[in-house]
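Trainee: I would like to go through this structure with you. May we look at it together?

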Amino acid sequence: MNANHMQGMSNSGIGHRQHGLSMLELLIGITIGLMVSVAAVGSLVYSRVSATTVGDSSRLYQDAAVAFRAIGYQIRQGGARRLVSTGGNVEFNPSYVGFGSGSSTVVVTGVNGTSTITETLRISFDTTPGFVVTDCLGQTSTLANNVSSTFSVSAGALTCGGSGSTTGQWQLIQGVEDFQVWYGRRDPANDSFRYFTADAVPLWEEVESVMVCLRLAGELSNYPTAASTGCSGEAVPGDGRIRRVFRRVFNIRNLGI
Amino acid sequence: MKLLATGLRKQAGISLIIVMVMLLLGSVVVLGSTRLGWLNEKMVGSESDQQRAFAAAEALIRDAERDIKGLQVDNSTPCSTDTAYVGCRNFGAGRPFFPQEDDDLDLLSSRVAGGTNSCRQGICLPASVTTLTSATWTGSALATMTAGTGTASIAATYGQYTGASPAAAGNPLLSASPAQAWYWVEVFRYTDAAGLLQPASTSMPIPDKKHPFVYRITSYVQGLKPGTRVWLRSVYVPFPQNQNI
């Protein structure tokens, strides 16, 4: 009886107390849970945003590396002239003139960009037929004595065209806002070295180095970015996108001067 | 007490499921980011391997140029003052050497005759500029070209003749053993026809008449990854015409 009574008491008592405790526990649990969730979601959102920012920024660096690698591969070989057989001996292939004609060899040439014309850089070199030396599209040249590559900008993308069987300009990287090229030339009169835009180069045969500048912009536009400086020193107003200006100088090694 | 224990056990069951679901979700997120990181790691690894191999190939071409000129790594000290040496090469025991004048070609020809594609110890005297084709530098033909060590070798390795130290170069690919980087120098005689004056149409240096040779250097580097391979080729004129040497 005593035991029964105790059991009845404890049954109802525990039942009530449990209900109250559960409510309190639930509230405390929900509060702690909410606090933890807010902290967790906050840090998740923060890390997502920073990951996206870092990803967007590092993508620009990778894109620039890809572009400069493709351009550098061509410019480093620019003006190379293969050996050909002549009378049991050899000579440098006299038929190669690049973009020149007659007695002048032009290794690089270009078009200066304006509001209606896009900036263009063209590079040429000579190679032994059958060897795996390719233009910027990775194809062997169909032209005799000449492998050439054409870099330009179209619809915000750096494009390249080769001299193989596939024609036309093909996209290399996207997000290109500006592509500028300067051509370094040493003045024979006083040995001074200067860079010229394509429309001001006095003599294409004397170009010794090429300076390429790329202004790339990120894809996302929710960053508080300030105004930046472009390739030619111009101010670029900030519009919330990440911007980077990359500049590189390539020497034309095969000039023999 | 009994009921409380039962209640706790029930709660533990629900917690277990919730914790497991959360763990699963967490694992998916972590696995996703690990995969991304792993992909990035792979890409950066390939890129750095390629750049390391390219740098090694460039170093090999400079080494070959010093070998041709007979200079040590400082580009001024002769490789050897021993009279038995021609430049960096031991002239004795039927070994190949870099020709100094026209008459040397016949002797060199006999000394490289036994080697694959007329190449021995990194010096080749092919019949024409097209004798060594792109097939020479691929597959089993390439294995033949890189075979042998020491005096029996077909190719030359970094510093083998110039004394340059692969360890000091700081590039593990240039190490002599196991060799992963080789160069070959093809010797050609430049024509007399274009001789006296450098034609305006070519911006190329013409070799001096006293030393009428041009050297075509080919370097090949196998990177740390099996897919990384770099071939570089350069034509070297050690004594151009306008330098009065």
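Trainee: In chain A, what share of contacts between residues at least 6 apart in sequence joins residues at least 24 apart?
Mentor: The share is 56%, where a contact means heavy atoms within 4.5 Å. Please keep in mind that this is a predicted model, in which local features need pLDDT of at least 70, side-chain atom pairs count only at pLDDT 80 or more, and totals for chains, interfaces and linings use all residues. Residues are numbered from 1 along each chain as its sequence is written, chains are lettered from A and ligands numbered from 1 in the order in which they are written, and side-chain values use heavy atoms, without hydrogens and water.

Trainee: What is the radius of gyration of chain A?
Mentor: Chain A has 33 Å, whereas a compact globule of 257 residues would have a value near 18 Å. The radius is taken over C-alpha atoms, and the globule rule is 2.2 Å times the number of residues to the power 0.38. The C-alpha atoms of chain A fill a box of roughly 130 × 45 × 30 Å along the principal axes.

Trainee: How much of chain A is buried?
Mentor: Buried residues account for 40% of the 257 residues. Buried means under 20% relative accessible area, exposed over 50%, and partly exposed in between, with a 1.4 Å probe and protein chains only.

Trainee: Is A:Asp191 buried or exposed?
Mentor: A:Asp191 counts as exposed, at 52% relative accessibility.

Trainee: And where is B:Gln121 found?
Mentor: B:Gln121 is in the loop between strand E3 (119–120) and strand E4 (123–124) of chain B. Its phi is also positive, about 50°, although B:Gln121 is not a glycine. B:Gln121 is buried, with a relative accessible area of 3%.

Trainee: Which peptide bond is cis?
Mentor: The bond from B:Ser177 to B:Pro178 is cis, with omega near 0°. B:Pro178 sits in the loop between helix H4 (166–169) and strand E5 (181–189) of chain B.

Key. Helix = DSSP H or I, 4+ residues; strand = E, 2+ residues; numbered from the N terminus.
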